[in-house]
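Reader: I would like to learn how to read helix packing in a model. Please take me through one case.

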Amino acid sequence: MFGLIVLVMVFLTAVLLAGFVATTITGRNQTNRRFEDVMNNPAMEPRINAGHDEMGKKPLSDLSQWILKTTRRSGELILPRDQWQSSYLRSRLVAAGFRQENAPAMFQGVRVMLAFFLPSSYLIGQWLLDVPFGQIFLISLVLSGVGFYAPALYLSSRIRKRQGRIAKALPNVLDMLVICVEAGLGLDAAVHRVGEEISSTSHELSEELRLTSLELRAGKSRTDAFKNLGNRTRVEEVKSLTALLIQTDRFGTSVADALRVHADGVRINRRQKLEEEAGKVAVKLIFPLIFFILPSTLVVVVGPAILQIMRAFGAIGR
């Protein structure tokens, strides 16, 4: 019993460690966004020096700092040395919403910690329960693999969900861009205005548009700024939009007309995808109908008749 308690405690420690690191990264990401809001809105600047400022959290304790430092150093040991692999990892983290400089090291560190603590907790618990080492070695290897690859699966899931939310909000953003451009705003001002307006409905796309606006205000060319927008989101619809804006800016054609046509095309593509998904529903329902619904229906419909037949044959036999 004591060994089982130790096993549970060590496992919970590993899970809490991973959750603490992820929460800290997310919290710092929110703090960075608030700093950007302050830089964009000088009226908020006096609130920085307030006694209990609203922009960030309290300073981390010594234990928290030590955990973060240990995790980061562990991740730095297995960071990809190849430049292409390092860029690929960072681009995936950016697509998931993690933009910190040390995000790759923290991500790899979480993988190392989980790969170490999960099998260690199992080994300690089984050792205290006097289980032979040979029986638990294979399970420990499996747990190590799970701990190492689970963060990668979580990252992929987070990227897909974020991309889905961005793609869902894109048609409305295109309509707002058309309205702003037709109202007389330049493309740069329209991107900034739309990024502010949609912050309550689509936080992810609002953040990307505001970052693009910051790059344009910092002096980066439209071509580079829009390419970065497509590379950060890794959404095909956004990449098509950025390519359209680049071509429009290069050839001097009407931005409003191009955006309106593109918005119609995005909606048509979305309608076609929904129709395709609706067409697949009938095929997907075949297996649940055959293995779950049809047997229960047969039991309800044919069951009473079978019971009556069995009773009739039983009466004849007597």
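Reader: How many helices and how many strands are there in the protein chain?

Author: This is a predicted model, where local features need pLDDT of at least 70, side-chain atom pairs count only at pLDDT 80 or more, and totals for chains, interfaces and linings use all residues. Residues are numbered from 1 along each chain as its sequence is written, and side-chain values use heavy atoms, with hydrogens and water left out. Helices (H or I, at least four residues) and strands (E, at least two) are DSSP runs, numbered from the N terminus. The protein chain has eleven helices and zero strands.

Reader: How are two packed helices described?

Author: By the angle between their axes and the distance between the axes. Axes are lines fitted to C-alpha atoms, for helices over the stretch in contact, and angles run from 0 to 180 degrees between N-to-C directions. Take H8 (residues 222-233) and H9 (residues 236-251): their axes come within 8 Å and cross at roughly 175 degrees. That makes H8 roughly antiparallel to H9. The cut-offs: under 35 degrees is roughly parallel, over 145 roughly antiparallel, 65 to 115 roughly perpendicular, and the rest oblique.

Reader: Which residues make the contact of H8 and H9?

Author: Contact means heavy atoms within 4.5 Å. H8 brings Arg222, Thr223, Phe226, Lys227, Leu229, Gly230 and Thr233. H9 brings Val238, Lys239, Thr242, Leu245, Ile246 and Asp249. The residues of this contact of H8 with H9 divide into five nonpolar, four polar and four charged. Here Ala, Val, Leu, Ile, Met, Phe, Trp, Tyr, Cys and Pro count as nonpolar, Asp, Glu, Lys and Arg as charged, and the others, Gly among them, as polar.

Reader: At what angle do the axes of H9 and H10 cross?

Author: At roughly 160 degrees, and the axes come within 11 Å; H10 covers residues 255-284. That makes H9 roughly antiparallel to H10. In H9, Glu237, Ser240, Leu241, Leu244, Leu245 and Thr248 meet Val255, Ala258, Leu259, His262 and Lys273 in H10. The residues of this contact of H9 with H10 divide into six nonpolar, three polar and two charged.

Reader: Now burial. Is threonine 71 buried or exposed?

Author: Buried means under 20% relative accessible area, exposed over 50%, partly exposed in between (1.4 Å probe, protein chains only). Threonine 71 is in helix H2 (residues 62-77). Threonine 71 is buried, with a relative accessible area of 1%. Across the protein chain, 33% of the 318 residues count as buried.
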